[in-house]
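Have a look at the model first, then read on.

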Amino acid sequence: MSEVSYESRWVLVEGPASDEAAFLGSWLLAADEADQKLRQQFKENPRLRQQVARLEVLCLIDFSSPAIWFIKLLMENRVCFSLDLGDDCGEIFAVMADLGFFRLNGNRYQMTIPNEITGSKVEAALLRLAATEDHEYFLYPEHLLQSLSKADAHSLKRLLIKASLPHTVGYGRQ
């Protein structure tokens with residue numbers, strides 16, 4: 001991707017259109033599968049852990065915990081969520097998008113179930129993110145993604161929520 005300004009560090013993600021529980025269950029199982037493939041890849045390629053050490057400064061790499069977090073964000077309105085790529089889950093979002101958990105749809109992402117998760121795909125996605133590191137040890141997941149400004153992400157989020165209101169009747173607070 002081209003150079004991205006610091007202001008354009010947000011993504012907007014739409015949830016599933018239908019069969020929400022079945023989709024989200026399959027999506028979480030795919031995240032667990034990615035975790036298993038990652039652990040296996042670390043065993044097969046011990047050098048990989050050194051290559052992605054910067055990604056594990058704050059916590060070990062995993063996909064299941066961020067996947068649960070993304071679903072929590074989605075459940076706030078059952079339509080979509082916005083994510084600051086500078087936050088804790090921004091880096092793993094870029095890796096998960098690379099693996100097929102999110103697919104670009106215009107200027108936003110759609111949650112999708114990856115076609116196939118392999119250890120080599122997980123490794124390649126992690127290495128692409130690690131390659132965004134600068135000389136001051138900062139990572140730039142937005143360089144791997146189509147990102148938006150905070151204002152644009154929130155504006156688009158409001159539009160999507162408003163457009164879906166007839167479909168979400170009954171999902172409000174009680």
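Helix 4 and helix 5 are oblique to each other in this predicted model, because their axes cross at roughly 135°, and an angle must be over 145 degrees to count as roughly antiparallel. The two axes come within 9 Å, and the crossing is right-handed.

**Helix 4 against helix 5**

- Helix 4 covers residues 90-99, while helix 5 covers residues 119-130.
- From helix 4, the contact draws on Glu91, Val95, Asp98 and Leu99.
- Helix 5 answers with Lys121, Val122, Ala125, Leu126, Arg128 and Leu129.
- Sorted by class, this contact has six nonpolar and four charged residues, with no polar ones.

**Helix 1 against helix 3**

- For helix 1 and helix 3, the axes cross at roughly 155° and come within 8 Å.
- Helix 1 is therefore roughly antiparallel to helix 3.
- On the helix 1 side, the contact is made by Glu20, Leu24, Trp27, Leu28, Ala31, Asp32 and Asp35.
- On the helix 3 side, the partners are Ser64, Ala67, Ile68, Phe70, Ile71, Leu74 and Met75.
- The residues of this contact divide into ten nonpolar, three charged and one polar.

**Helix 1 and its surroundings**

- Helix 1 runs over residues 20-44, which gives it 25 residues.
- From its first C-alpha to its last, helix 1 reaches 36 Å, close to the 36 Å expected at 1.5 Å a residue.
- Which residues of helix 1 are buried? They are Phe23, Leu24, Trp27, Ala30, Ala31, Ala34, Asp35, Leu38, Gln41 and Phe42.
- If you look at the spacing in that list, keep in mind that an α-helix has 3.6 residues a turn, so residues three or four places apart point the same way.
- Leu24, Trp27, Ala31 and Asp35 are buried, and they also take part in the contact with helix 3.
- The cover over the buried residues of helix 1 includes helix 2 (47-51), helix 3 (64-75), helix 4 and helix 5.
- Strand 3 (102-105) and strand 4 (108-111) are also part of that cover.

**The chain as a whole**

- The chain has six helices and four strands.
- Starting at the N terminus, the elements follow the order β-α-α-α-β-α-β-β-α-α.
- Of the 174 residues in the chain, 47% are buried.
- Among contacts between residues at least 6 apart in sequence, 75% join residues at least 24 apart.

Technical notes. Residues numbered from 1 in each chain as written. Predicted model: local features only at pLDDT ≥ 70, side-chain atom pairs only at ≥ 80, totals over all residues. Heavy atoms only, no water. Axes fitted to C-alpha atoms, helices over the stretch in contact; angles between N-to-C directions. Helix = DSSP H or I, 4+ residues; strand = E, 2+ residues; numbered from the N terminus. Parallel < 35°, antiparallel > 145°, perpendicular 65-115°, else oblique. Left-handed = near helix turned anticlockwise from the far one by under 90°. Contact = heavy atoms within 4.5 Å. Nonpolar A, V, L, I, M, F, W, Y, C, P; charged D, E, K, R; others polar. Expected span 1.5 Å × (residues − 1). Buried < 20%, exposed > 50% of the residue type's maximum accessible area, 1.4 Å probe, protein only.
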